[in-house]
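Subject: Structure handover

Hello,

Here is the structure I promised to pass on. My notes follow below it.

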Amino acid sequence: MRNGDFTRTNDFWYFSTDDHLPWHTKQLGVQVFFAQGWLGLLVLTAFVMVVWRKLLRNALKGSLFAIALLSSTAGFLLIGLLSSPFDAPRLTFTFFSLMFLGLHDSATDDDPPLANVASRNKR
């Protein structure tokens, strides 16, 4: 081992620190690109677009479930513009769980349309 007794100070030794901020990518798109490359970024973008298209279609039909999923995933990605929520595995799992839930056909007969909810609230 070279410089095992530190006679040449820190030569051949790597320091570590608990401060991860200098090495932190603080934007979701940059983080996905850094971790997975262009292919990962394109796949994530395509996945979000497919799910949002379905959710928007169901939201326009009056599905409250689709509106809730659309707004929650939009909020997550909005935070991703200035931070990287994928750093926390629980948040990543929650995001992808919500996205896969969005692929489910959310416009069902059990979900009341917005017009019915609005008229019920006026009473």
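Which residues line the second largest pocket? They are Gln31, Val32, Ala35, Gln36, Gly40, Val43, Leu44, Phe47, Phe86, Thr92 and Phe96.

First, the ground rules. This is a predicted model, in which local features need pLDDT of at least 70, side-chain atom pairs count only at pLDDT 80 or more, and totals for chains, interfaces and linings use all residues. Residues are numbered from 1 along each chain as its sequence is written, and side-chain values use heavy atoms, with hydrogens and water left out.

Confidence

The chain has a mean pLDDT (the predictor's confidence in each residue, from 0 to 100) of 82. A score of at least 70 is reached by 73% of the residues. Helix α1 has the highest confidence, at a mean of 94. Helix α4 (residues 114–122) has the lowest, at 55. Where pLDDT is low, the predicted coordinates should not be read in detail.

Fold

The chain has four helices and zero strands. Helices here are DSSP runs of H or I with at least four residues, strands are runs of E with at least two, and both are numbered from the N terminus. Of the 123 residues, 25% count as buried, meaning under 20% relative accessible area with a 1.4 Å probe and protein chains only; exposed is over 50%, and partly exposed lies in between. Take the contacts (heavy atoms within 4.5 Å) between residues at least 6 apart in sequence: 63% join residues at least 24 apart.

Pockets

A pocket is an open set of points on a 1 Å grid over the protein atoms alone, where a 1.4 Å probe fits, with protein on both sides within 12 Å along at least five of seven lines; lining residues have an atom within 4 Å of a point. Grid points are joined across faces, edges and corners, and the volume is the space filled by probe spheres set on the points.

The largest pocket holds about 210 Å³. It is lined by 13 residues, and Leu28, Leu44, Thr45, Val48 and Leu77 are the closest to its centre. Helix α1 (residues 28–60) gives the most to this lining, with nine residues. By class, the lining has nine nonpolar, four polar and no charged residues. Nonpolar covers Ala, Val, Leu, Ile, Met, Phe, Trp, Tyr, Cys and Pro; charged covers Asp, Glu, Lys and Arg; the others, Gly among them, are polar.

The second largest pocket has a volume of about 160 Å³. Helices α1 and α3 (89–103) each supply at least two of its lining residues. The largest share, eight residues, is from α1. Its lining splits into seven nonpolar, four polar and no charged residues.

Core

Not counting residues up to four places away in sequence, Phe95 touches Leu44, Val48, Thr73, Phe76, Leu77 and Phe86.

Leu101

Leu101 is found in α3. This residue is partly exposed, at 39% relative accessible area. Leu101 touches Phe65 and Leu69, again leaving out residues up to four places away. The C-alpha atoms of Leu101 and Phe65 are 9.9 Å apart.

Best wishes
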